[in-house]
Amino acid sequence: MAEPELLLDSNIRLWVILPIVFITFLVGVIRHYVSILLQSDKKLTLEQVSDSQVLIRSRILRENGKYIPKQSFLMRKFFFNNQDDGFFKKTKRKVIPPSPMTDPSMLTDMIKGNVTNVLPMLLIGGWINWTFSGFVTTKVPFPLTLRFKPMLQQGIELLTLDASWVSSASWYFLNVFGLRSMYSLILGQDNGADQSRIMQEQMSGAAMAMPADTNKAFKAEWEALELTDHQWALEGLEEELMSKDLDLDNMFSSELPTGIF
Amino acid sequence: MASVSDMYDVTWEEMRDKLRKWREENYRNSEQIVEVGEELIQEHASKLGDDIWIIYEQVMIAALDCSRDDLATTCLHELKKQFQGSHRVKRLAGMRLEALERYDEALKMYNDILQDDSTNTAARKRKIAILKAQGKSTEAIRELNEYLEQFVGDQEAWHELAELYINEHDYAKAAFSLEELMMTNPHNHLYCEQYAEVKYTQGGMENLELSRKYFAQALKLNNRNMRALFGLYMSASHIAASPKVSAKVKKDNVKYAAWAASQINRAYQLAGHGTKETKCSLKAVEEMLESMQIMPS
């Protein structure tokens, strides 16, 4: 049974939908610039830089070790993995888990993150809910169950109204996530207004805490390197090379570049 | 004095793009950079916008290469005005002092940078460069080794170390450094070729075999590497001429050497484009290959 379609006043479009889009967009741009102003420099210690490079070297050894002679590969593997004094066995970094209490810079980062992102969203969401309340704003194109009604239809007290019709607060939230691609177009990648990215970072941030991971990273590298074998890529090389003539086309072109341009 | 734009009939945008190409591909044609860059700075400074700062840096380093202290000082002055307290500018000031051979003052500047920021690689590398310029190669090698212990991923530094070791005739350690480079850049035929040359210089049957392999690898990566082709010929004939090899190895290497010689002939033929002189030059090539044969001693 088809629901009778509601006809909305076109004033809603003019005075509600467009203003909310503008407000969301401008707030996002302001957030971006504020985050740039409040950014603190991350100072890396010498040890962290050095460790990250060592890990890269070990990974390269595993992946490209087949291009160097067997003896050299074994020498390097021994250097890293030797039982008594291999680098990965010997080096233990002092690990201080970076909890917000002990590390003051992390604390300020967290506060700044909250202030620039969560607070404005709550404030503006609430203000929009208060200002633009009492009427239906738009209809989502897919059917929703009745459970969504109290969430999406704040301020509209109609029991029989289809849950697809939503209030302005939900339009605001739709905008916050939808304008992400607009932000990347205008502000370039990696901008401070990209809220969903920031929320993702906060969730995975715990898993990415670098200093605590160094010891674990070393252990993981040690295991991976133990398993790697040396398959020399140059084994049958001469036969393969000499099976056909060298490709010397266009080696001697008649035109020589003169001067700078 | 004709300006560059007049001589070559180019616009300032083309000059700027050329400078960018030289910058990105790490060219060291300092005289050309100074010619093009000086005109760009003097005539078209306002049109360049923010590009001008990086051009100042590029032209300054090129000017130091060409002993143009006047131009270098101008560039440095502009950069200091714009970026006060910057480590990058301070390093350039140190480089200018190095060019004037005032090494102690330069050393002091670099030590200041390092006190402020101990992870600054540029200052450390300049200190090593000072040691190299003063001819103290053993100390330079020692400092470079310490640097590489901290920053294992710095390929520029590994290559410099390989060069220093080659100058000191310590071929085993040069080979180690080149292996690092080959691992990180497996498709670069030049590292393979240089490694093969070091192995060939070290001598001994195992090293000769390795050098032949790596000359072949360089050829596989770039079919036109003539140096690798000649190296392949030399190492194969060297192994074949040695009295201690088995008959099979000898036969294989004679085959490799013959193939290399035929390819060399082909290359010279192509170079001559079939002109009359080609026949004479081909004969010269054959005689050269004959004379390069290693006779068993």
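User: In this predicted model, what makes residues 12–34 of chain A a helical span?

Analyst: The span is 100% helix and 0% strand. The end C-alpha atoms of residues 12–34 of chain A lie 32 Å apart.

User: How do you know that residues 12–34 of chain A are listed as a "transmembrane region"?

Analyst: That label comes from an unreviewed UniProt entry, which also lists residues 115–136 of chain A. Such annotations may be inferred rather than shown by experiment.

User: What is the helix content of residues 115–136 of chain A?

Analyst: This span is 77% helix and 0% strand, and its end C-alpha atoms lie 31 Å apart.

User: How many helices and strands are there in chain A, and in what pattern?

Analyst: Chain A has 11 helices and 2 strands. Along the sequence the pattern reads α-α-α-α-α-β-α-β-α-α-α-α-α.

User: Why are some residues of chain A called buried, and what share do they make up?

Analyst: A residue is called buried because its relative accessible area is under 20%. Of the 261 residues in chain A, 36% are buried.

User: Which share of the contacts in chain A with a separation of 6 or more comes from residues 24 or more positions apart?

Analyst: Such residues account for 70% of those contacts. A contact here requires heavy atoms within 4.5 Å.

User: Which residues of chain B does UniProt list as "domain: EMC2 TPR-like"?

Analyst: The unreviewed entry lists residues 90–199 of chain B. In the model, that span is 81% helix and 0% strand, with its end C-alpha atoms 41 Å apart.

Definitions and conventions. Residues are numbered from 1 along each chain as its sequence is written. Chains are lettered from A and ligands numbered from 1 in the order in which they are written. This is a predicted model: local features need pLDDT of at least 70, side-chain atom pairs count only at pLDDT 80 or more; totals for chains, interfaces and linings use all residues. Side-chain values use heavy atoms; hydrogens and water are left out. Helices (H or I, at least four residues) and strands (E, at least two) are DSSP runs, numbered from the N terminus. Buried means under 20% relative accessible area, exposed over 50%, partly exposed in between (1.4 Å probe, protein chains only).
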